[in-house]
Structures are given as structure tokens and as C-alpha cells.
Amino acid sequence: MASAFVDQISIVAFLGLLAWAAFSDFRTYLIPNSVSLGVALLYPAHVLASAAPVDWVGALVVAGCVLLVGFVMFAMRLAGGGDVKLLAAASLWAGPMQILPFLLLTTLAGGLLAAMTLNYLRYVRPWPSNVLAPDEAAALKLRGSVPYGIAIALGGLWLVVQMFAH
């Protein structure tokens, strides 16, 4: 009984951290390291308290692969560092059985978010505010940025629904 409660609390805390990451990314285009670290540190509580068996070794392999690919994307300036860290931490929760649907849903949400964000920046607010971009060079950089933490949070929400459904 107590184990199920701990598992449910860890899952809800995972969702809360994803919501925090999405909000932070939306407001500042930054995902705090503490959020990604919290998502990763909550995972052992889920593994130990889950009533169903969890393939934690497979989850570590999956998260390591996601981190490695994300690192390459970051080095090529195709992804932000906060996005890569959060995606790798959330991939722990997806594990080998849910990683493909999680990544597919996150990618689709990210594409939709990119279309909405870039259209918003182009037509509604041509330049990010001075709070986000203190100079013109930073504004130009932000103009092509997408707060991908929102898409990762949507993928994580799908994972939480799957966990509670089973």
C-alpha cells in the first residue's frame, strides 16, 4: 500500500517537474538543470515502488543513447542543452517499451510548436522582448528558437497517462 503511494507521488512529481520545465522554457527559453536532475533522481523511487516490473537497465541504456544523440545535436547547434538534458531524463521514464511512442509524440508536438512559435514571432511579435534578449544579436538568436521543453512535457504527460492506465 505504501509502495503504491510512493510510486504515485513520484509519477505526479515527475509530471510537476515537466510542467515547471515547460513553463520556464516558455517564459525564459531556459530549462533549469535542477528540473532535469529532479526528473532523473525521481526515477529510482518509481523503479523501487512500482507494482509492475520496470526494466531500469533498459531505461538507462535508452536514456544514455538519447543523451548521446542529443549531445551531437547540441554540438551541431540543432538542439539546446536544457532540452537535451530534459529529454534524456524523461527517456528514463519511457524506457525501452515506450521510447518510440514518446519520441514520436514529442517530435510531433515540437513540430507543431515550432510552426506556431515561428509564425507568432514573425507576425505577432517580430522581436523578442528586451527581457529575453538584451541586444539585437540575442534577439536574432531567439527569433529562431523554439521552447521545446513544452513538447517534452507533452510527451511526458502521455507517459504519465500510460503509467496510470496500466
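Is S91 buried or exposed, and what is its relative accessible area?

Tutor: Happy to. This is a predicted model, in which local features need pLDDT of at least 70 and side-chain atom pairs count only at pLDDT 80 or more, while totals for chains, interfaces and linings use all residues. Residues are numbered from 1 along each chain as its sequence is written, and side-chain values use heavy atoms, without hydrogens or water.

S91 is buried, with a relative accessible area of 0%. Here buried means under 20% relative accessible area, exposed means over 50%, and partly exposed is in between, with a 1.4 Å probe and protein chains only. The residue belongs to helix α4; helices are DSSP runs of H or I with at least four residues, strands are runs of E with at least two, and both are numbered from the N terminus. A polar atom of the S91 side chain lies 2.7 Å from the backbone oxygen of L87, inside the limit for a polar contact (N or O atoms within 3.5 Å; within protein, one able to donate a hydrogen and the other to accept it, with residues adjacent in sequence counting only if both atoms are side-chain atoms). Leaving aside residues up to four places away in sequence, S91 touches V62, A63, V66, I99 and F102, where contact means heavy atoms within 4.5 Å.

In soluble globular proteins, nonpolar side chains tend to be buried together. F14 has contacts with V39, L42, A90, W93, G156, L159, V160 and M163, again not counting residues up to four places away.

For contrast, look at the loop between α3 (56–75) and α4 (81–124), where L78 lies. L78 is exposed at 57% relative accessible area. R77, found in that loop between α3 and α4, is also exposed, at 77% relative accessibility. R77 has a positive phi of about 60° although it is not a glycine.

Stepping back, the protein has 6 helices and 0 strands. Of its 166 residues, 39% count as buried. Among contacts with a separation of 6 or more, 73% are between residues 24 or more positions apart. To return to your question, S91 in α4 is a buried residue.
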